[in-house]
Each structure stands twice: as structure tokens, then as C-alpha cells.
Amino acid sequence: MPLVDYTIVGGDVSVGVLKLDDGKMNSFSFHTIREVNAALDVAEGDATKALVIAGTAKALSAGFDLKIMAPVIGKPGGSKAEAIQLVEDGGALMLRIFGFPKPVIVAATGHALALGAIMLLAGDVRIAQRDAKLKVGLNETAIGMTMPEFGWCLAQFRLSPTAATRAVTQATIYSAVDAAAVGYLDELVEGDVLAAAVAEAQRLGSYVKQPAFSKTKAAERCSVLDRVRGNLRANVSACFPDMARAKL
């Protein structure tokens, strides 16, 4: 069963909608990452003006697949090399979203934890329902995982400076309202969050002009992208120094 669905919403301004749905918490496995990258390949090359990323009412994403991540967080089972590779691949995917040449609107349809929260940080506009009973946050240190550079750099770039330490190092989990206050979210809406995200994608996609948008976005974010991409493998490996990388 496909874990990722990519569709185009037409009209005066067409936008792409990338929806995650694994029937559970939208955990990122190698398979999920491959499917999201394939959808991004299509979205980058088609005629759409913007991209919406959404999950389900249960979760936007609760992070990496914990079955694969088990040895990284001190649990039995799994391959240490595969866990480290998964973190590297997930980081590369978040950086791709962060640098995506079209406007990216992320609909926080449900919980956004760990890599799911980083996906919010990677988006251009982040929207949630005001009264949603969702949780948002980077819980890595609470589960025994060192936050890789791609996570804390995006947090520093997008979150309020006064909130960054509590959000990253102290693994604070926020409600929708509090997440908006510290910088995980930009808009809180009363109705359907996916419909609101599509409407915002159409508005922004029709308002900004290409290639001015993509060039300015690349310039705005190049210091983060260049730094983290150039050091991604070494940094992820350094986060788990007692877990020597084996050849996959």
C-alpha cells in the first residue's frame, strides 16, 4: 500500500498536495522517505505553483520508525548502521523540503513530533486548527537521542530565540496555541486545516513570482543548507559515537 499520495488541486492556481498516511502515526521509514522524495521529484517538475504537505487527523508525523531506531534510543533489536542511515536520510529529506523552490505549506493535521516537528520547521507556512488536540515538539533528548545538526539548525532558524533551548535541548512539547507562540506554526484556523492550507498555497503561489521566489529563498537559507548538507553524514555519525557505522 502506498504511504504517500500526491495529487494536484486545479483551478486558477494549481497546487500539489502530498499526503502522508501509513494508517498509524506516519513514521518515517526508508520506504516512506523514498516515496516522499519521489513525490517531491514530481512536484518540483510539474506546473503547480506551490506544495501542501499534510498527514492525517492522527498525525502529521511522529518521527522516525522506532523499530529501525531501536538501537539508537537504547532499545533491543534493529541494526545500528541502519538506524544511523535512516537519520541521515531523514535529515537530507528535511533539508530538501527546507530548500524546495516552490512555496511549501505544511498542514499540521495531527501530532507533529521529532522529525514531524522538524518538517514544520522546514515549511514556509505552517497551519493548524486552533482547537486541535495535537502535540508539537522535538522530543529527542527525552527518548535518549542526541539532536542532529539538521534539527537544531532548523530550530534556531525558525523558532523564537527565547524558546530554542526549551524546545530543543529540554524537549518541550507544545499545544497548537503554544506552538504558534514559539514559532512552529504561523496560522491557527477554525475550520478544516487541509482546506486552509490549500487556500494559502493558492494565494501564495499566485502572489509570488518565479524565479524570484526560489532564488530569494535559496539565498535566505543557503548558510544553513550549505553548512548542514556539507557535514550531514559526519554530524549524524558523531551524534552516536558508540555506534560505529557499518557498511550497509
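Mentor: Let's begin with a definition: angles under 35 degrees count as roughly parallel, over 145 as roughly antiparallel, 65 to 115 as roughly perpendicular and the rest as oblique. This is a predicted model, where local features need pLDDT of at least 70 and side-chain atom pairs count only at pLDDT 80 or more, while totals for chains, interfaces and linings use all residues. Numbering runs from 1 along each chain as its sequence is written, and side-chain values use heavy atoms, leaving out hydrogens and water.

Trainee: How do H5 and H9 lie to each other, roughly parallel or roughly antiparallel?

Mentor: Helices (H or I, at least four residues) and strands (E, at least two) are DSSP runs, numbered from the N terminus. Angles run from 0 to 180 degrees between N-to-C directions, with axes being lines fitted to C-alpha atoms, for helices over the stretch in contact. Helix H5 (residues 149-158) packs against helix H9 (residues 212-230) at about 165 degrees, and their axes are 10 Å apart. The two helices H5 and H9 are therefore roughly antiparallel.

Trainee: How many residues of the contact of H5 with H9 are charged?

Mentor: Contact means heavy atoms within 4.5 Å. H5 brings residues including Trp-152 and Phe-157, and H9 brings residues including Glu-220 and Arg-227. Asp, Glu, Lys and Arg count as charged; Ala, Val, Leu, Ile, Met, Phe, Trp, Tyr, Cys and Pro as nonpolar; the others, Gly among them, as polar. The contact divides into seven nonpolar, no polar and, for charged residues, five.

Trainee: Which residues touch the most other members of the largest nonpolar core?

Mentor: Such a core is a set of buried Ala, Val, Leu, Ile, Met, Phe, Trp, Tyr and Cys residues joined through side-chain atoms within 4.5 Å. Buried means under 20% relative accessible area, exposed over 50%, partly exposed in between (1.4 Å probe, protein chains only). Of the 69 residues in this core, those touching the most other members are Leu-18, Phe-28 and Tyr-184.

Trainee: Does Ala-114 count as buried or exposed?

Mentor: Ala-114 sits in the loop between strand E6 (111-113) and H4. Though not a glycine, Ala-114 has a positive phi of about 55 degrees. Its relative accessibility is 9%, so Ala-114 counts as buried.

Trainee: Is the peptide bond from Gln-210 to Pro-211 cis or trans?

Mentor: Most residues other than glycine have a negative phi, and most peptide bonds are trans. Pro-211 belongs to the loop between helix H8 (193-207) and H9. With omega near 5 degrees, the bond from Gln-210 to Pro-211 is cis.
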